[in-house]
Amino acid sequence: FVQIDDGEMDITASEGIEATIVQINGGEVNIAARDDGINAGQKSSSYGAKIEINGGYISVSVSAGDTDAIDSNGDIIINGGTVDVTGNSAFDYDGTAAFNGGTVIVNGQEVNAITGQFGAGKGGMGGNGGFGGNGGFGGRRR
């Protein structure tokens, strides 16, 4: 479990932040990653994987290729704050995504919903044959 409540963090790494649960409540987090920026993987059988953003300013930039700015093997929940991502695939998740408030900017363009996976997979803008369908903008990563 990684919880960030305040402060300023500058992270340059292969994987920026990785845990079963990543919760950001405030502060400024700047991530430059060669792989996934924020990754919630199933590291424990006691908890489901989840990324929850409640506030703060989060900037994630990932390298080209099979990378995701925000990647959850479970859910992604954005309740507030500003999430500014740059990369081929902004979001990848296996569970559900909820955009309840805040600001989300993808490659310089503000979006108002996370209806599916941007630049990958199932449903919404990333659905089969859609904006990022199979073989499209970003493809699907597993």
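**Entry 1**

I began with Ile 58, whose bridge partner in S11 is Val 83. This belongs to the pairing of strand S8 (residues 57-62) with S11, which run parallel and are joined by five bridges. I note for my own use that strands are DSSP runs of E with at least two residues, numbered from the N terminus, and that two strands pair if DSSP finds at least two bridges between them. The model is a predicted one, in which local features need pLDDT of at least 70 and side-chain atom pairs count only at pLDDT 80 or more, while totals for chains, interfaces and linings use all residues. Residues are numbered from 1 along each chain as its sequence is written, and side-chain values use heavy atoms, with hydrogens and water left out.

From S11 (residues 82-86) I went on to strand S14 (residues 103-106), and found the two joined in parallel by four bridges, with Thr 103 in S14 as the bridge partner of Thr 82. S14 is also joined to strand S15 (residues 109-111), here antiparallel and over three bridges, and in that pairing Val 104 has Val 111 of S15 as its bridge partner. I then looked at the hairpin of S14 and S15, which has two residues between the strands, and saw that Asn 107 takes a positive phi near 50° there.

**Entry 2: the open sheet**

I looked up the order of the four strands that form an open sheet, and it reads S3-S6-S9-S12 with parallel pairing. Strand S3 (17-19) and strand S12 (91-93) stand at the edges with a single partner strand each, so one side of each is left without a neighbour in the sheet. Neighbouring strands of this sheet are turned by 5° against each other on average, direction ignored; the axes behind this angle are lines fitted to C-alpha atoms, and angles run from 0 to 180 degrees between N-to-C directions. For strand S9 (residues 70-72) and S12 I noted three bridges in the parallel sense, with Ile 70 standing opposite Phe 91 in S12.

**Entry 3: Asp 36**

I next turned to Asp 36, which lies in the loop between strand S5 (28-33) and strand S6 (38-40). Asp 36 has a relative accessible area of 0% and is therefore buried, on a scale where buried means under 20%, exposed over 50% and partly exposed in between, with a 1.4 Å probe and protein chains only. The side chains of Asp 36 and Asn 39 are joined by a polar contact of 3.3 Å (a pair of N or O atoms within 3.5 Å; within protein, one must be able to donate a hydrogen and the other to accept it, and residues adjacent in sequence count only if both atoms are side-chain atoms).

**Entry 4: salt bridges**

How many salt bridges does the structure hold? I found two, taking a salt bridge as a side-chain nitrogen of Lys or Arg within 4 Å of a carboxyl oxygen of Asp or Glu.

Glu 18 forms a salt bridge with Lys 43, and the closest N and O atoms are 2.8 Å apart. This pair links distant parts of the chain, with Glu 18 in strand S3 and Lys 43 in the loop between S6 and strand S7 (50-53), 25 residues apart. Glu 18 counts as partly exposed because its relative accessibility is 38%, and Lys 43 counts as exposed at 54%.

Glu 52 and Lys 50 meet through their side chains in a salt bridge at 3.5 Å, N to O. Glu 52 is buried, with a relative accessible area of 15%, whereas Lys 50 is partly exposed at 25%.
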